[in-house]
Amino acid sequence: MHDNSVTQCLASFVFAAVVGFLMQRSRFCNTAALRDAMLFKSYRNTKALLALMIVTTLGFTGFMSVGGGHPIEFEVGVNQLVGLFLFGIGMVLAGACTVSTWVKTGEGNIGALWALIFTFVGMFLFSLFWSAYYWPPAPETMSTTANLKGLQFGVANAATLQLKTGIPAFVFGLVQVAFLGGIYRAIVRRERAAAQAREAPAEPVSRAAAPAPAVAQASAAEDAGAA
Amino acid sequence: MEIFKRSMDPVMAMVIVGILDIFLFLVVGAWTVGGGETMLTGLAAKAVMGDQINRIPFWAYVFKPTFHYWKMYISLGMLFGAFVGAVLSKEFYWRVPRRLDEWVMITIGGLLMGIGIRLAFICNVSTFFAITPQLNLGGYLAVSGIVVGAWVGSLIYKKALES
């Protein structure tokens, strides 16, 4: 943890204010990026999610190659898999993730505010059970070393990769970018194919394809309206 | 202005956010929300419980409630930015869920998000936009978890929509 200062808090606030504004104007939603792709085969938000990951992967691994920036010293463990699994169910049920709860609350959405309040309640409830007695055991998940008791793997990121292999972190970053870019391209192709199928001259095809955009529109309307 | 009249292209918006995120990474650390929300929870709990909160080890040792924590201002900043965007584009209005089952789903969803964040030590933002771009192994575990979770959630959501 870095020493806390007014500058850090101010930088965070300014950054987040711009992000909140852009999120509000673009209606980007992390929940929709996953849910709409799975339920409605609509990829508007999924593409934005991938674009953001590509940009940050390039930037973060680039600076980490020369030891710059503030990468998170972070204990890797099975608790991430289980925790985010619960989070994934929760965000679809609530219709908002950690970002969109704040953004939608800013738009006057009481449902999002309600989700936010219960996120806090959930955090507080978990803090009551966070100890050495329940899984995951507190001391073991806070140690940066691998251990079986907390199902921990220690610390592993671009910096440790560079240290172990001698290959600059940026090279691994490029591999990840290529992978994310591949998914992006596959989505664009699929969208193009779907658009062509819709515009195809054969009458029955266009009729069959007609309900699809209606469902996608319903999902977009749901994003704008309900939490 | 044009930007207040129609929605911005999300890909464009997120590329800008990505560049800003790199700047934040250089100044304090990558974008994250869960930590700030935890601190807000701690401050709220302290306001209600007073010094009794120190009886809970998590708040006494790991997350001592304080106002000098940068991640908290990320949450407040997003709220402020979104409010400004909504007001300027005349999109601010009170939206209240109508049906009881919506309230129930939101309540359960919120609880699961809070528990999940504290169990994993990360939220969805740090998963996708902080640690996975840092090639952190925890990020890959978290992405696998959230994708499966969102799929299970979608099945439940679909059931609820149809009923």
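Visitor: Which residues in helix 2 of chain B meet helix 4 of chain B?
Guide: B:Gly35, B:Gly36, B:Glu37, B:Met39 and B:Leu40 of helix 2 meet B:Lys71, B:Met72, B:Ile74 and B:Ser75 of helix 4. Contact means C-beta atoms, placed from the backbone, within 7 Å. Helices are DSSP runs (H or I, at least four residues), numbered from the N terminus. This is a predicted model: local features need pLDDT of at least 70, side-chain atom pairs count only at pLDDT 80 or more, and totals for chains, interfaces and linings use all residues. Residues are numbered from 1 along each chain as its sequence is written, and chains are lettered from A in the order in which they are written.

Visitor: At what angle do those two helices cross?
Guide: The axes of helix 2 (residues 34–49) and helix 4 (residues 70–88) of chain B cross at roughly 95° and come within 7 Å. That makes the two helices roughly perpendicular (65 to 115 degrees). Axes here are lines fitted to C-alpha atoms over the stretch in contact, with angles from 0 to 180 degrees between N-to-C directions.

Visitor: New topic. Is A:Ala94 buried or exposed?
Guide: A:Ala94 is buried, because it has 30 C-beta neighbours inside 10 Å; the cut-off for buried is 20 or more. A:Ala94 lies in helix 4 (residues 78–94) of chain A.

Visitor: And how many residues does the contact take from each chain?
Guide: The contact takes 106 residues from chain A and 110 residues from chain B. Helix 1 of chain A gives the largest share of chain A's side, 18 residues.

Notes
Angles under 35 degrees count as roughly parallel, over 145 as roughly antiparallel, 65 to 115 as roughly perpendicular and the rest as oblique. Two residues are in contact if their C-beta atoms, placed from the backbone, lie within 7 Å. A residue is buried if 20 or more other C-beta atoms lie within 10 Å of its own, exposed if 12 or fewer, and partly exposed in between; C-beta atoms are placed from the backbone.
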